[in-house]
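Q: I would like to go through this model with you. Could we take the helices and the packing in turn?

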Amino acid sequence: MADAYLPLLADFALEPAEDAAITNALASDDPWGFASTDPAEVEALKSAKDKILSYHLQRHHDQCCYCRGNLHGAGPYMTDREHILPKGKAKFKPYSYALWNLAAACKRCNMQFKGQSEAFVIDTVDATKFEDGANYLFVHPNFDRWDDYLERVEVAKGGKRIVGFEFVSNDPKASYTHTFFNLKELVMNTFDNKQGALTQAETNELGKLVLDLAERYRQRAS
Ligand SMILES: [Zn+2]
């Protein structure tokens with residue numbers, strides 16, 4: 001298993017009560033939805049799930065693991081605890097709490113495109129391949145570095161916004177991810193009123209905005 005992010009999956013640890021709650025949940029028919037009759041265990045499981053989510057958000061700098069959309073401050077209505085091998089399929093239930101099989105995603109990517117699909121898994125039977133990024137057609141949220149394949153560019157100021165994606169690799173994973181999550185749909189540019197190339201004046205205005213923003217935040221940080 002090649003871990004592509006920090007902090008490392010291997011450095012994650014839960015309290016004994018949280019680990020015990022997960023063990024019991026995994027022994028049930030519905031590991032992720034497991035509802036214990038013991039209030040302390042309910043609390044321990046919730047706490048474990050919260051810790052897992054915040055760990056994954058930290059690894060991806062509070063961004064969706066698939067589209068790089070912002071999840072900072074987005075809260076539970078926007079942020080999904082994503083199961084890469086879908087938890088709804090019986091054969092993948094044992095991985096419901098596997099840290100490598102979990103990530104943080106935006107609702108759009110998870111609900112609208114990912115769902116219960118397993119189309120992006122090359123070998124869906126041989127479990128020895130599940131912890132190998134090479135077994136996934138898309139950029140795996142834990143085993144592959146998203147920025148090695150794609151780049152998301154985003155600038156927002158004064159109600160105007162540019163969002164774009166660039167391929168930084170010819171690897172098929174880049175285009176598969178781009179297509180699977182329909183990243184093209186997220187592309188927008190309201191700095192440009194003419195739906196075409198930016199004029200020199202608009203380019204200058206945009207460049208100045210970015211430089212102003214960078215300078216303002218540099219001063220604030222010092
Ligand atoms: Zn997303």
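Q: Which residues of α2 are buried?
A: This is a predicted model. In α2, the buried residues are Ala 44, Leu 45, Ala 48, Ile 52, His 56 and Arg 59.

Q: Where do they sit around the axis of α2?
A: They cover an arc of only 105° around the axis, so they lie on the same side of α2.

Q: And which exposed residues does the face turned away from the buried side of α2 carry?
A: That face carries Pro 39, Ala 40, Lys 46 and Ser 54.

Q: What do the buried residues of α2 pack against?
A: Their packing partners are α1 and β2.

Q: What span should α2 have, and how far apart are its end C-alpha atoms?
A: At 1.5 Å a residue, the 21 residues of α2 should span 30 Å. The end C-alpha atoms are 31 Å apart, which agrees.

Q: What does the backbone do just after α2?
A: His 61 takes a positive phi there, of about 50°.

Q: Changing topic: which residues touch the most other members of the largest nonpolar core?
A: That core has 26 residues, and those touching the most other members are Cys 64, Tyr 66, Cys 67, Ala 105 and Cys 109.

Q: Which elements each supply at least two residues of this core, and which gives the most?
A: α1 (16-26), α2 (39-59) and β2 each supply at least two residues. β2 gives the most, with 5 residues.

Q: Where is the other core, and how many residues does it have?
A: The other core lies apart from the largest one and has 7 residues, among them Val 139, Tyr 149, Leu 150 and Ala 174.

Q: Back to Cys 109: what does it touch, not counting residues up to four places away in sequence?
A: Cys 109 touches Cys 64, Tyr 66, Cys 67, Lys 114 and Phe 181 on that count.

Q: Which residues of α3 are buried?
A: In α3, which runs over residues 107-114, the buried residues are Cys 109, Asn 110 and Lys 114. Seen down the axis of α3, they fall within an arc of 95°, so they line one face of the helix.

Q: What is on the face turned away from them, and what do the buried residues pack against?
A: The face turned away carries the exposed residues Met 111 and Gln 112. The buried residues of α3 pack against β1 (79-83) and β2 (102-106).

Q: Finally, which residue follows α3?
A: Gly 115 follows α3, and its phi is positive, near 50°.

How values were computed:
Residues are numbered from 1 along each chain as its sequence is written. This is a predicted model: local features need pLDDT of at least 70, side-chain atom pairs count only at pLDDT 80 or more; totals for chains, interfaces and linings use all residues. A residue is buried if 20 or more other C-beta atoms lie within 10 Å of its own, exposed if 12 or fewer, and partly exposed in between; C-beta atoms are placed from the backbone. Helices (H or I, at least four residues) and strands (E, at least two) are DSSP runs, numbered from the N terminus. The arc is that of the directions from the helix axis to the C-beta atoms. Two residues are in contact if their C-beta atoms, placed from the backbone, lie within 7 Å. A nonpolar core is a set of buried Ala, Val, Leu, Ile, Met, Phe, Trp, Tyr and Cys residues joined through C-beta atoms within 7 Å. The expected span of a helix is 1.5 Å times one less than its number of residues.
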